[in-house]
Amino acid sequence: MRKLSSGFWLLLGIGVSLLQACASNNPYYNPNKAHHRPEGFVNSDGTTVSKPLSDLMRWYRERFGKSLPPPPGEFMANYDAFPVRPFKASPLESPTQIRASWLSHASVLLEMQGLTVLTDPHFCERAFPVQWAGPARKVKSPTNVANLPHVDVVVISHNHYDHMDEGTLLDLAKKSPKTLFLVPLGVEQTFQSWGINNVQAMDWWDTKSIQGAQFVFVPAYHWSARTLLDRNKTLWGGWVVKHPRLNFFFSGDTGYSQDFKEIGKRFGPFDFSAIAVGAYEPRWFMKAQHINPDEAVQIHQEVRSQKSIGVHWGTFELTDEPLDQPIGDLAKARKKYGLPDSEFQLLEHGQSIILKD
Ligand code: ZN
Ligand code: ZN
């Protein structure tokens with residue numbers, strides 16, 4: 001091969017550095033905030049979920065030829081055995097009633113008079129940039145945007161595809177231009193690129209008052225990315241909705257961290273929480289980014305939740321445990337920490353529960 005001149009390599013080097021410099025600019029960078037970096041964001045303890053490529057290769061290698069995850073079988077005979085209750089908007093039965101519905105994966109609808117909130121809506125077939133590849137829904141969606149009531153506020157935890165689905169979000173924005181989207185710092189740019197402009201970006205601990213409720217974006221231990229080049233360029237977290245009649249906590253995706261004691265101290269106790277309980281095996285690889293049911297119960301206690309439901313399970317196969325494993329692991333964790341079954345439960349897809357009458 002002809003030897004390339006040193007000038008070529010110098011130019012290439014400058015080009016790559018310039019590209020990185022362009023890509024690395026965090027417009028929100030505030031040196032006084034511990035989780036801000038000039039190029040993006042880190043977790044509250046200053047670290048990132050960064051697995052060396054060798055770990056990713058090890059995970060793939062260990063899975064190779066094993067057809068992981070195994071299909072469900074211990075608690076649900078197969079995927080079709082997961083009960084799905086079709087969800088359709090219906091009026092609350094009294095002006096004081098508060099209703100919560102699990103609409104699969106991390107999507108929770110909270111309805112009370114004067115305020116309807118939806119977390120991480122995803123009702124499409126796949127959690128991936130294209131609808132012909134990537135993790136497919138194993139249990140069908142109990143609803144779609146047409147069947148929802150008017151949603152006042154959509155909160156987004158982070159930009160991973162199983163939490164931020166372009167098709168579902170566009171349907172919501174089209175259905176009602178009044179729906180407000182609250183998103184982590186940086187994520188608003190993606191919304192605007194889709195033509196969704198009723199969006200507001202929030203940093204950790206930022207508060208916004210809407211229709212009598214305070215919406216607070218709170219830390220989680222996780223990471224963000226939608227492409228190979230945007231890792232941790234936008235923020236991630238969970239949400240607190242503090243309404244005079246209901247205090248709600250949504251964990252988003254997270255590993256276990258000290259953040260939850262702080263959230264509990266600042267905003268607990270919570271009447272109701274939605275906490276992730278799925279996508280956690282193998283632990284050596286997943287522990288840093290996804291809690292297991294045992295850690296979810298610890299978080300339930302640390303934020304001082306009176307009642308929680310498990311989310312982020314039973315929908316997409318993202319990791320190595322079968323889709324029904326959280327059922328058994330959560331039961332074990334409840335027993336270990338002495339919780340009654342009703343204090344931290346799993347709902348059926350599309351199931352609603354009445355939180356207040
Ligand atoms: Zn995630
Ligand atoms: Zn997720």
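How do strand β3 and strand β4 pair, and over how many bridges? Strand β3 (residues 98-102) and strand β4 (residues 108-112) pair in the antiparallel sense, and 5 bridges join them. One pairing can be picked out by residue: Arg 99 stands opposite Glu 111 in β4.

## The model and its confidence

This is a predicted model. The mean pLDDT of the chain is 93, and 93% of its residues reach 70 or more. Over residues 1-22, however, the pLDDT is below 50. Beyond near neighbours in sequence, residues 1-22 have 1 contact in the model.

## The sheet that holds β3 and β4

Strands β3 and β4 belong to an open sheet of 7 strands, in the order β8-β7-β6-β5-β4-β3-β16. The pairing in this sheet is mixed. Its edge strands are β8 (199-202) and β16 (352-356), each of which pairs on one side only. From one strand to the next, the twist averages 20°.

Helix α3 (residues 166-175) packs on this sheet. The helix touches β5 (115-119), β6 (153-155) and β7 (180-184), and its direction makes about 145° with that of β7.

## The sheet from β9 to β15

Another open sheet of 7 strands has the order β9-β10-β11-β12-β13-β14-β15, and its pairing is mixed. Here the edge strands are β9 (207-210) and β15 (344-345), and each pairs on one side only.

Strands pair through backbone hydrogen bonds, either parallel or antiparallel. Both senses occur in this sheet: β11 (residues 238-243) and β12 run antiparallel with 5 bridges between them, while β12 and β13 run parallel with 3 bridges. Strand β13 (residues 272-276) also pairs with strand β14 (residues 308-311), in the parallel sense and over 4 bridges. Within that pairing, Gly 310 in β14 is the bridge partner of Ile 275.

## Strand β12

How many of the 5 residues of β12 are buried? The count is 5 of the 5, so β12 is largely enclosed by the rest of the structure. In a regular strand the side chains alternate between the two faces of the sheet. In β12, Leu 246, Phe 248 and Phe 250 point one way, and Asn 247 and Phe 249 point the other way.

A hairpin of 2 residues joins β11 to β12. Across the pairing of these strands, Val 240 stands opposite Phe 249. Towards β13, the bridge partner of Phe 250 is Ala 274.

## Aromatic pairs

The whole structure has 13 aromatic pairs. One of them is formed by Phe 249 and Phe 270: the ring centres are 5.5 Å apart and the planes lie at 40°, so the pair is tilted. Phe 249 lies in strand β12 (residues 246-250) and Phe 270 in the loop between α5 (259-267) and β13, so the pair ties together parts that are 21 residues apart in sequence. Both Phe 249 and Phe 270 are buried.

Elsewhere in the list of ring pairs, Trp 59, Tyr 60, Trp 284 and Phe 285 are linked into a cluster.

## The nonpolar cores

Which residues of the largest nonpolar core touch the most other members? In this core of 59 residues they are Leu 110, Leu 182, Phe 215, Phe 249 and Ile 309. Strand β10 (residues 213-218) supplies the largest share of the core, 5 residues. Apart from this core lies another, of 20 residues, among them Leu 109, Phe 181, Phe 191 and Trp 194.

The contacts of Leu 110, leaving aside neighbours within four places in sequence, include Arg 99, Leu 115, Val 117 and Leu 355. Leu 110 is also in contact with Leu 246, Phe 248 and Phe 272.

## Ile 210 in strand β9

Ile 210 lies in strand β9. Is Ile 210 buried or exposed? Its relative accessibility is 10%, so Ile 210 counts as buried. Not counting residues up to four places away in sequence, Ile 210 touches Leu 115, Val 153, Leu 180, Leu 182 and Phe 215. Of these, Leu 182 and Phe 215 are among the residues that touch the most other members of the largest nonpolar core. Ser 193 is 17 residues from Ile 210 along the chain, and the C-alpha atoms of these residues are separated by 25 Å.

Terms used
Residues are numbered from 1 along each chain as its sequence is written. Chains are lettered from A and ligands numbered from 1 in the order in which they are written. This is a predicted model: local features need pLDDT of at least 70, side-chain atom pairs count only at pLDDT 80 or more; totals for chains, interfaces and linings use all residues. Side-chain values use heavy atoms; hydrogens and water are left out. A nonpolar core is a set of buried Ala, Val, Leu, Ile, Met, Phe, Trp, Tyr and Cys residues joined through side-chain atoms within 4.5 Å. Buried means under 20% relative accessible area, exposed over 50%, partly exposed in between (1.4 Å probe, protein chains only). Contact means heavy atoms within 4.5 Å. pLDDT is the predictor's confidence in each residue, from 0 to 100. Two strands pair if DSSP finds at least two bridges between them. Axes are lines fitted to C-alpha atoms, for helices over the stretch in contact, and angles run from 0 to 180 degrees between N-to-C directions. Rings of Phe, Tyr and Trp (its six-membered ring) pair if their centres lie within 6.5 Å; planes under 30 degrees apart count as stacked, over 60 as edge-to-face and the rest as tilted.
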